[in-house]
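I opened the model today to look up how its chains meet. My notes follow in the order I made them.

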Amino acid sequence: MNNIKKLDRYIDELNNEKRPLEHGKKSYSDEYRKLTETARLVKTLKDMEYPDEQYEKMLIGKLIRDINYKENNKLPKLNRYSGKRIIKRSMVITAAVAAAALVIFSAAGTFSRRNNNIAYAIEKAIETIKAYHGIIEYTESNMLGETVTQSRKEVWADKQGNYYVKELEGFNKGAITVNNGKIKWQLREQEQNAYIFQTFPDPYRFTFELGSELEDVKKALTVKEIGEETVSGREAIVFEITPASGEPYRLWVDKENKLPLQRVSAMQNALMYKVSYSFIEFIDALPIELMTYELPDGFTEINNNPEQLVASIEEAMEITDIQIIIPDKIPEGYALDKIAAIKSMSAIKLYYIKENNTIQSNESNQAGTTVVVSQSKAEGELKPDISSILGEIGSSKAEVISNELVNSVRWQQQGMEYNVLGNDNMDIIKAFIQSMTDGEIIIPTKDTSISGKPQIEVDIDLEAEENTQKSVDAGHSPWKLDPVFVTQVFASLLLSPEGIVGDYPIPYDAITITENNGVEAIAIINDEKSIARTVYLKRLVRQDDSGIWTVIGYDINTEG
Amino acid sequence: MCGFKNRDEFIEQLCTDTWVELYRFIYFKVQNREEAQDITQESYIRAITYLMNNDMTIHKMNSYLRTIALNIIRDRWRVQKRKGRSINIEDANDEILISEDFTDYVATRNTVAEAMEQLTKEQQTVINLRIIKGFSVEETARLMNKNKTAVRVMQYRALKQLEKIINS
């Protein structure tokens with residue numbers, strides 16, 4: 001939708017005394033922002049619309065209820081029974097519990113003020129859990145109200161990040177995945193194979209979508225209490241949560257113990273997803289028999305983890321025949337946990353863990369915090385991942401990845417490739433890097449400005465971009481997440497505006513991303529026939545690694 | 001909260017005394033009732049929570065509430081280009097609010113009205129019908145004997161011109 005139509009809709013919304021979309025999550029051009037500001041100024045000439053007569057009474061009543069509710073729920077307590085401290089319930093409790101047990105302990109403390117009431121309550125409830133056992137159900141409903149159970153999983157998990165997951169129903173029925181911190185394995189019954197994987201980083205999360213439940217609440221634009229409902233016998237408060245990006249969703253939080261009960265997504269592409277626990281119990285520790293690796297009879301072991309644990313760095317250097325830098329000043333609280341050598345890759349990995357008895361800081365600490373320093377012989381030039389931000393270590397280009405799972409910096413210097421990766425914050429990662437190099441460390445953020453401005457600006461239809469983002473979220477057109485591919489398509493269409501038949505006229509390899517702060521990027525096209533030389537890209541709709549890239553302008557290629 | 005029997009009484013009194021002015025301030029910024037009501041409520045929740053947790057007395061309650069409201073608006077609209085910083089609610093006073101934002105309703109309205117006069121007659125008409133009188137595009141088109149597209153383009157150009165005049 002162009003600015004003319006958007007402005008028209010904006011005026012309609014003001015006239016209808018409704019909050020325009022522009023007053024929320026969307027970002028708009030400076031020009032459009034000025035137009036909406038002017039429209040509001042003009043509307044000041046009109047008489048003000050006051051609320052109806054009942055407003056004062058309603059406001060006072062709502063405030064009294066909300067404030068009293070907040071005050072009365074400052075320190076939620078879990079129901080506890082004697083003995084094993086088990087809470088059992090017949091139905092529903094959702095995955096934020098699991099999320100919390102696995103992820104949230106690392107994130108304590110820094111939530112925004114806006115949403116801190118519910119976030120605080122959930123956080124406090126979760127803090128009291130050591131481990132749990134439950135059944136998670138994932139269901140999908142369509143617009144006709146037909147519901148299909150996508151999968152059911154039995155999970156055992158603790159706050160150290162250890163877990164056992166058995167697929168009870170669904171695509172991988174029968175598969176068992178376990179990570180006990182020392183070894184991660186998956187037993188696939190149908191194949192009769194046992195796969196061994198590295199334990200860290202572990203991208204597998206059985207509650208991945210909800211693993212950041214608390215974080216989502218903290219970061220949400222708005223958290224509105226919209227009512228109360230009984231969910232399978234449990235009284236729950238229903239919240240409507242509008243995330244900073246994405247569609248609003250609803251969260252049912254148990255009135256009594258403040259743990260999330262159920263999460264239901266908004267209807268997207270005529271489908272709605274619900275995730276809930278059909279059963280859960282809280283326990284002190286995970287059963288040892290589930291967490292111990294043993295190859296079942298008739299199974300074949302397939303080891304995907306090439307790492308060989310060694311007793312000393314000297315031994316690792318002997319096996320791999322490389323010399324490594326040993327971080328000299330590691331951040332406080334960290335200690336070397338294990339050393340692994342990978343002979344086939346001439347690589348050594350140093351695993352550091354944060355000890356549990358360190359001073360607890362709200363910013364970064366939890367059991368299971370790990371930083372891995374990998375060093376290997378450099379093979380060719382560093383090729384940063386398409387989703388990475390571009391930083392610098394000394395005079396070398398650095399790949400910077402920052403997501404919910406890990407923070408990672410990879411760079412090359414003097415024939416070696418280094419990677420510091422961990423589930424702690426970026427400052428800790430930088431501290432490790434500082435202990436390995438004297439070079440300046442530059443990690444751009446979204447506030448770091450990109451050099452230059454395009455000679456030619458491209459018209460943007462933000463509504464179309466938003467629709468594309470939704471489509472990408474649903475798994476379509478993943479190339480929109482790759483700034484190089486987006487540049488390739490754009491540059492190719494400049495040459496062939498009628499459409500591309502066969503190969504793209506501009507090859508992928510001819511494009512280099514020279515700057516990328518995670519929100520804006522600059523691509524250089526090294527191809528004589530290209531009309532554009534420098535292409536400017538931006539994540540207009542969502543400013544994280546799930547956000548699509550859009551070309552916002554370009555400079556003409558004068559060398560063609 | 002001294003002088004009140006309990007929290008509920010304090011909340012009731014505070015709202016009764018201040019909501020109209022607070023609502024007016026917010027409405028002036030957002031120009032729609034739905035959002036103004038919503039932000040009014042959120043401002044009180046923040047203010048009262050803060051007062052209770054910090055055991056403090058606020059001398060200028062209206063300024064204090066306006067500051068909170070302003071921060072909420074900025075916070076909500078933060079992805080748009082921002083003009084200012086968040087104001088510490090303990091520093092709230094009228095001078096800050098006046099210096100950082102349009103709070104002088106009359107002056108603002110005069111500025112806009114004068115700027116409107118510099119538009120062409122047709123531009124004035126379209127702005128008057130669409131925004132001040134609140135007619136729909138269809139109604140405006142009929143009244144001006146134009147088609148809807150023409151009305152949309154005219155109002156766009158008129159606002160663009162008005163923005164230039166106001167900011168010049």
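How many residues does the contact take from chain B, and how many from chain A? I count 62 residues from chain B and 54 residues from chain A. I note here that the model is predicted.

**Entry: the interface as a whole**

I looked up the buried area next. Chain A and chain B bury about 5800 Å² between them, and 60% of that area is on carbon and sulfur atoms. I then asked which helices of chain B supply the side that touches chain A. At least two residues each come from α1 (7-30), α2 (33-54), α3 (61-76), α5 (105-117), α6 (121-132) and α8 (148-167) of chain B. The most comes from α2(B), which gives 15 residues to that side. By class, I find 28 nonpolar, 12 polar and 22 charged residues on the side of chain B that touches chain A.

**Entry: salt bridges**

I searched all chains and got 27 salt bridges in the structure. Across the interface of chain B and chain A the rule finds 5 salt bridges. I checked Arg130(B) by itself. Its side chain meets that of Asp8(A) in a salt bridge, at 2.8 Å from N to O. Arg130(B) also forms a salt bridge with Asp12(A), where the closest N and O atoms are 3.0 Å apart. Asp12(A) is in helix α1 of chain A and Arg130(B) is in helix α6 of chain B, so this pair joins two chains.

**Entry: α1(A) against α8(B)**

I took helix α1 (residues 3-15) of chain A with α8(B). Their axes come within 9 Å and cross at roughly 85°. The two helices are therefore roughly perpendicular to each other. On the α1(A) side I list Asn3(A), Ile4(A), Leu7(A), Asp8(A) and Ile11(A). On the α8(B) side I list Arg152(B), Val153(B), Gln155(B), Tyr156(B) and Leu159(B). This contact has 6 nonpolar, 2 polar and 2 charged residues. Asp8(A), noted above for its salt bridge with Arg130(B), is one of the residues of α1(A) in this contact.

**Entry: α2(A) against α6(B)**

At what angle do helix α2 (residues 30-43) of chain A and α6(B) pack? I get about 80°, with the axes 10 Å apart. α2(A) and α6(B) are therefore roughly perpendicular to each other. Here Ala39(A), Val42(A) and Lys43(A) meet Ile127(B), Ile131(B) and Ile132(B). I count 5 nonpolar, no polar and 1 charged residues in the contact.

**Entry: α7(B) against α8(B)**

I also looked within chain B. Helix α7 (residues 137-144) of chain B and α8(B) have axes that come within 9 Å and cross at roughly 100°. That makes α7(B) roughly perpendicular to α8(B). α7(B) contributes Val137(B), Glu138(B), Thr140(B), Ala141(B) and Met144(B), and α8(B) contributes Lys148(B), Val151(B), Arg152(B) and Met154(B). I sort these residues into 5 nonpolar, 1 polar and 3 charged. Arg152(B) is listed in this contact and also in the contact of α8(B) with α1(A).

**Entry: Gly415(A)**

Last, I looked up a loop residue of chain A. Gly415(A) lies in the loop between β19 (407-413) and β20 (416-422). Leaving aside neighbours within four places in sequence, Gly415(A) is in contact with Lys377(A) and Ala378(A).

Key:
Residues numbered from 1 in each chain as written. Chains lettered and ligands numbered in written order. Predicted model: local features only at pLDDT ≥ 70, side-chain atom pairs only at ≥ 80, totals over all residues. Heavy atoms only, no water. Contact = heavy atoms within 4.5 Å. Buried area = accessible area lost by both parts, 1.4 Å probe. Salt bridge = Lys/Arg side-chain N within 4 Å of Asp/Glu carboxyl O. Helix = DSSP H or I, 4+ residues; strand = E, 2+ residues; numbered from the N terminus. Nonpolar A, V, L, I, M, F, W, Y, C, P; charged D, E, K, R; others polar. Axes fitted to C-alpha atoms, helices over the stretch in contact; angles between N-to-C directions. Parallel < 35°, antiparallel > 145°, perpendicular 65-115°, else oblique.
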